[in-house]
Amino acid sequence: MTGIIEAVAIKSIEAAVTAAAKKAGEQLWTGVNPFTKRNKKKAEVLLQLIQSLDFTDQLSLIGLLQDLPSGVSLARIEETLTSLPTKSVTQELISGHLVHTAPKRLATIRENFQLSLLQQLQLESSPDIKKFAEAVLAKLENAITRIINEYRLIDPTGFEQMQTLAAASLIDATMQAIDRHNSLLSRYDSPSNYRHLKTWMQDYRHQAAAAHGFISPPDLERKRKVPMDLLYVPPSIQSKNLNDEDQEWNLDEFANNINRTVLLGDPGGGKSTAASYIAYKNAKDDRARLPFIIVLRDFAKDDDIEKSISSYIEERCSTLYQCTPPEGAIEHLLLNGEALVIFDGLDELIDTTKRREVTQRVELFSERYPLSQALVTSRRVGYEQAQLDPSTFRSYVLGGFEADDVALYVRNWFMSVEALDGGELDTAVSNFIDESSNVPDLTSTPLMLALLCIIYLGQGYIPKNRPAVYENCALLLFQRWDSDRKIFVELRASNEVDAAIKHLAYWMLTDQAGTEAVTESDLVAETSEFLASTFENAKERTLAAKEFVEFCRGRAWVFTDAGTTKDGEALFKFTHRTFMEYFAAFELTRITDGPTEVAKVLRPHLAKQEWDVVAQLAVQISNKHSKDGATRIFEVLLSEKRRRSNASRDSIHSFIWRCLTFLPAKPQTLRRLVNASLDSSYNLSISGKATGGGSPSIFRAVQILPEMRSVVADALLEGLQHFSREDNEERQTFGRLLLASWRMAGHRLEPQGHATEWWKAWADRQVQDNLQLLLEEGPWEKDMWRIALLLGHIDMDAYLDKAKNWNGRLLDPLFEAQSISLFGGSYLDWASVILGNKAWTSNPDLKQRRFSQLRQLGRQLDPAAETPWLSMPLEADIWMHRWVWAHDSEQFENDDDVAWAVWVLLCAMLEVKEHLIRGAHRSSDGADDFTDRLLLHRSSTTLPTADVFSNTPFDSFDGERKTFRDAWTSGKIHITDRAQS
């Protein structure tokens, strides 16, 4: 039994070491610019190499674990060797060997490992425990050097490239932090000091869980705290990084993969609540990183940010959490990789300059503490204006609520907030779902959904647009809520409450300090100034202002406490920023002379991707109160004569497109927008400025209201045809590529429902109708033919016949991806689409076209013809780890030509992959996978047995095809030229 327990413990320890190796691989990955295609391919190969460092059955710890130091149990050793501190110092050790760091620094890492081990075991240093620590370290280091040396010998050039890349990545930052890490570890070298630290950590976890384990619903009058677990519905998370595979996580999966991470979302989408949820879950888990939330508007509220981030964390622990940390504790946790720092609300720094300053501080903080995790939250719109370095921080998007999420949230709301149950609860949920089906955009974000729940229960109906939602909320807040509850407050300025609130919102939005929080004295002074036209007497005016501010303070749905100044004066802000934005937008339309002046005020902010929600609301309000108000604003925005950057103009165009998702515009305005948007998008494409993560404005055309699609589509086609016929070769290429790939590239914005199908059908018709134009000779020729093949507008015979003019081997054109890409995006080659993505099989028409192409390819592939048939692609998109068809052989049943074509493509793909990661240590876990079995036979050069191909579409081959199959599987022939050499 003891042997079994030891074996289980060793497996756990080996898994922890493997996890540390993968973390080092992630640090290497983030050091490569992901928007540079050449670096991306190189990084993918190196990432596979590093992350395949597998320590299963490599540590040989049985002897050590049988002879533990006195007083130390096997469970204690397992817990220590799989802990966060040990993973962190193991990561240092692996990183040090990867970059071949100096012997002195490697000695410091070894000392760090032993110090960390002693700390966690909470033992005084003794010969026995020191000997044990040295023995564990020696076993670990032997395994690391042995595995890394295997890679170095197999591919010296590739290993040298990896070391060069590592020098520019977080791995280098890890090396730079080692001495500081050692100093902090030494501070806690006695068991009593370490126990004091652990006691404080437990106290802080309790306080953090208490602070972040609740949600305060926007229920207007009653400021209640509902336990997170009773109300919260975790959203889905999608990757926003260019060239990433489509990836969707739930929030817990996302939290487990945080490293240097940005979480983007829409207003009211739940970014801060997601941050609190992650902090709460971490605080409840003793083995998770200690969470520290930094609300950036509070951190940066002073004109000059004087505190460091680490000292600010210390201060907040003492003041907010009432849990003063021991001296050096925060620095220790940050350097030891035991901290998760959440920077919440980057978008709430209104001043773009201040936002950039904070962004730089976050980047430097992450550089200084490379082993800890950093998560930043921000709105999507405007993030690019001060984004974190995309080569280090990977961006993800908070998904909206789907129908099931809405139903669950509404049920949780009515049950936990309104205390409904039984049949009353079921009826309320059912009725709400029915009525809200007309406004799905409003139910997709938690804040708007909560407001709808309030309005539904209070008013019995659901408004159909956002301003109407806010208007009804304002009606509840200021005209009915108190009176419905028999609460009567006599105010000197009772007739000015609504106007004063709107005035203060606009004043706070445009405050030069760029902060939303203001002191009570400033709030009174501004209110007093606003009331000057109502109260001539200064004393009476001041009393009215104080009374008004006190009135608002007493209502949690208006103002909330935002802390204090250095001098202890109270700070206040709007409880919900979305309300402040609505009130500010209304005030903007009130103080300006019509839509034209509104547009002039908005324009500089839109150019900098600021005020997005305020501007959308102002357009809607103007359109309600002025004839053709929205169109008049759009015309002013499109008519500006001032010279602005391409990015600024495109930001303005993107804003107009977003407005067209909920407001119509006149046909002439739509045509003008299409032409302007094509020009700004083209200018961005040639300048490369759209590769920072944002989509150019023209793609947003797919999201407009249905009644405008025909006008926009006609103008878009006319514009792209005009581009395609111009004398300028770059403009011709842009027009052709955008028209040909609109079906693919234009849907990165994911229009909903029928919009997707409408634009896909439109794009297919236009490519077919303009095929002759698109396939004309020119620098775009290969790309046009590849896209036409992918979209099924030409057959395989025609494509391969054309490809004979390109002077390559037979399969080369099937493994080459688009060479000219718009806006930093990339496209898979035809072969990777066939082998690595089964999504196309769910579309019967597309499936039929793909199978027709495969069938034609199979008939052209003569098994008796001389190989190689493929030049080894230097930058092949070999991204899949498992062949997706392995357990889906029925797709090719009864069609030997299709199966033969798939077989050849698969063999070529495996040869490329085999070459790129040749000799990598492989786990036995996947030995039963079909591709693993193939490579195993191929490396052993033995003839395959019948069971290799059983239950696959390849077991029915006969004649020359069977001979070819068996010869390839036994390594006797090769499809790629690199494999032959």
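**View 1. Aromatic pairs of the predicted model, with Trp742 and Trp759 in close-up.** The count comes to 31 aromatic pairs, where rings of Phe, Tyr and Trp (its six-membered ring) pair if their centres lie within 6.5 Å, and planes under 30 degrees apart count as stacked, over 60 as edge-to-face and the rest as tilted. The ring centres of Trp742 and Trp759 are 6.0 Å apart with planes at 55°, so this pair is tilted. Trp742 belongs to helix α33 (residues 729–745) and Trp759 to helix α34 (residues 754–769), 17 residues apart, so the pair links distant parts of the chain. Helices (H or I, at least four residues) and strands (E, at least two) are DSSP runs, numbered from the N terminus. Both Trp742 and Trp759 are buried (under 20% relative accessible area; exposed is over 50% and partly exposed in between, with a 1.4 Å probe and protein chains only). The model is predicted: local features need pLDDT of at least 70, side-chain atom pairs count only at pLDDT 80 or more, and totals for chains, interfaces and linings use all residues. Residues are numbered from 1 along each chain as its sequence is written, and side-chain values use heavy atoms, with hydrogens and water left out.

**View 2. Aromatic cluster and a cis peptide bond.** One aromatic cluster is formed by Trp869, Trp900, Trp903, Phe954, Phe957, Phe964 and Trp968. Thr867 and Pro868 are joined by a cis peptide bond with omega of about 10°. Pro868 lies in the loop between α40 (844–860) and α41 (896–916).

View 3. The 13 residues of α27 (residues 595–607) should span 18 Å at 1.5 Å a residue, and the end C-alpha atoms are 18 Å apart, which agrees; the expected span is 1.5 Å times one less than the number of residues. A bend of about 30° occurs at Val601, and Pro604 follows within four residues; the bend is the angle between axes fitted to the seven residues ending there and the seven starting there. Buried residues of α27 include Val598, Leu602 and Leu606. After α27 comes Gln609, with a positive phi near 60°.

**View 4. Seven-stranded open sheet.** The strand order is β4-β3-β9-β5-β8-β7-β6, with mixed pairing; two strands pair if DSSP finds at least two bridges between them. At the edges, β4 (248–250) and β6 (290–295) each pair on one side only. Strands β5 (residues 260–265) and β9 (residues 394–398) pair in the parallel sense over four bridges. Ser395 in β9 is the bridge partner of Val262.
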